[in-house]
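Subject: Structure for your files

Hello,

Here is the structure you were expecting, with my notes below it. Please read them with the model open.

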Amino acid sequence: MSPAKVVVIGNCTLDIAFRVPRFPRPGETLLARDSTRDLGGKGANQAVAAARSGVPVSLAAAVGGDEIGNAVRARLAEEGVGLDHVATRAVPTDESIIYVTPEGENSIVSTHAAAASMDMTLVRPALAAAAAGDIVLMQGNLPHDLTLGCLEAARCGQAVTVLNPAPIQYGYGAVWPFVDCAILNEVESEDLTGSADPVAAAQRLLARGVRHVIVTLGARGALVAREDGATQAIPAVTVAAVDTTGAGDVFCGVFVAAMARGLQTEPAARAAARAATLSVTRHGTQSAFPNRAEIDRILDSVNVSAGDPERAPKEHEPRHVG
């Protein structure tokens, strides 16, 4: 069975990462051990992770008509990400400054003029190209009304909708009923629900209309909650983390690709967790992501433990919200 297509609607940035002994204090000048430049942005990151997982991927995003924008396009093309819906706007391409500590923790500041310039005129053709059963993946970088409009349109087209609401800019009360699967970390789940308990937070999101909720727990793995109220813990492999930048995006990209390849929610989350864990053992953003061969091995191992993946699509069949 051919995999479903993944349509990612999000942002692209140039990531400039500094390896620092610790996060700087206010007013302090800190010397970095070294720095790297890499393609980034949650939209581009998740699109690349999905493309490396062996499924057709297109990205709807905006870049500037500058040298950075040209470099972003070239890198995405190298990764096999479809660029038909990457628009050039009269703004600078977005950039991110990332501080990475020896423990692998990171702190990120990003510009978002290009992402903020996106509108339904830009993304509507990408959504129209998503057939029933394809997967539309979004993040929190875009304005509220655009996010809501995209998810509504995707649902009308019978696509599967997946939302990673990071960074959190606003409330998602009107958005949740159009989300088939929400993926968020522990901090984000608490911010959006008021509960520090991941299980309780997931249940609150289910009550607001989400069909499946995945709360990623870092070194503790992840929690999957289904609309019937059942929960499943996804364990993590213990590793020595050197850089957690982009790990959440690896999780999201590999998760939707695993679904597109026929896995159900829990085995797809298991594969995503393994891929994300592998990425934190390396420095950089997309340069740290697992390659196609590594992801294939992860998916093959999960397929064996999950049984027959051909039974998966019914679980992700989209539902309509009146």
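Axes here are lines fitted to C-alpha atoms, for helices over the stretch in contact, and angles run from 0 to 180 degrees between N-to-C directions. Helices (H or I, at least four residues) and strands (E, at least two) are DSSP runs, numbered from the N terminus. This is a predicted model, in which local features need pLDDT of at least 70 and side-chain atom pairs count only at pLDDT 80 or more, while totals for chains, interfaces and linings use all residues. Residues are numbered from 1 along each chain as its sequence is written, and side-chain values use heavy atoms, with hydrogens and water left out.

Helix pairs

Helix α1 (residues 42–51) and helix α8 (residues 247–260) have axes that come within 7 Å and cross at roughly 45 degrees. That makes α1 oblique to α8 (angles under 35 degrees count as roughly parallel, over 145 as roughly antiparallel, 65 to 115 as roughly perpendicular and the rest as oblique). The crossing of α1 and α8 is right-handed, meaning that the near helix is turned clockwise from the far one by less than a right angle. On the α1 side the contact (heavy atoms within 4.5 Å) is made by K42, N45, Q46, A49 and A50, and on the α8 side by D249, V250, C252, G253, V254, V256 and A257. Sorted by class, the contact of α1 with α8 has seven nonpolar, three polar and two charged residues. Ala, Val, Leu, Ile, Met, Phe, Trp, Tyr, Cys and Pro count as nonpolar, Asp, Glu, Lys and Arg as charged, and the others, Gly among them, as polar. α1 is mostly covered, with 10 of its 10 residues buried (under 20% relative accessible area; exposed is over 50% and partly exposed in between, with a 1.4 Å probe and protein chains only).

The axes of helix α4 (residues 120–128) and helix α5 (residues 144–156) come within 11 Å and cross at roughly 20 degrees. α4 and α5 are therefore roughly parallel to each other, and their crossing is right-handed. M120, V123 and L127 of α4 meet L146, G149, C150, A153 and A154 of α5. This contact of α4 with α5 divides into seven nonpolar, one polar and no charged residues.

Cores

A nonpolar core is a set of buried Ala, Val, Leu, Ile, Met, Phe, Trp, Tyr and Cys residues joined through side-chain atoms within 4.5 Å. The largest has 53 residues, and those with the most contacts inside it are V57, L59, L76, V162, I214, F251 and F255. α8 gives the largest share of this core, 10 residues. Leaving out residues up to four places away in sequence, V162 touches I135, V136, L137, M138, C181, I183, V256 and M259. A second, separate core of 41 residues includes A62, A114, C150 and Y170.

Loops

N141 lies in the loop between β8 (135–139) and α5, and is buried, with a relative accessible area of 15%. Among the residues that N141 touches are K42, A166 and P167. The peptide bond from A166 to P167 is cis, with omega near -5 degrees; P167 lies in the loop between β9 (160–164) and β10 (181–185).

Q158, in the loop between α5 and β9, has a positive phi near 65 degrees. Q158 is partly exposed, with a relative accessible area of 40%.

Regards
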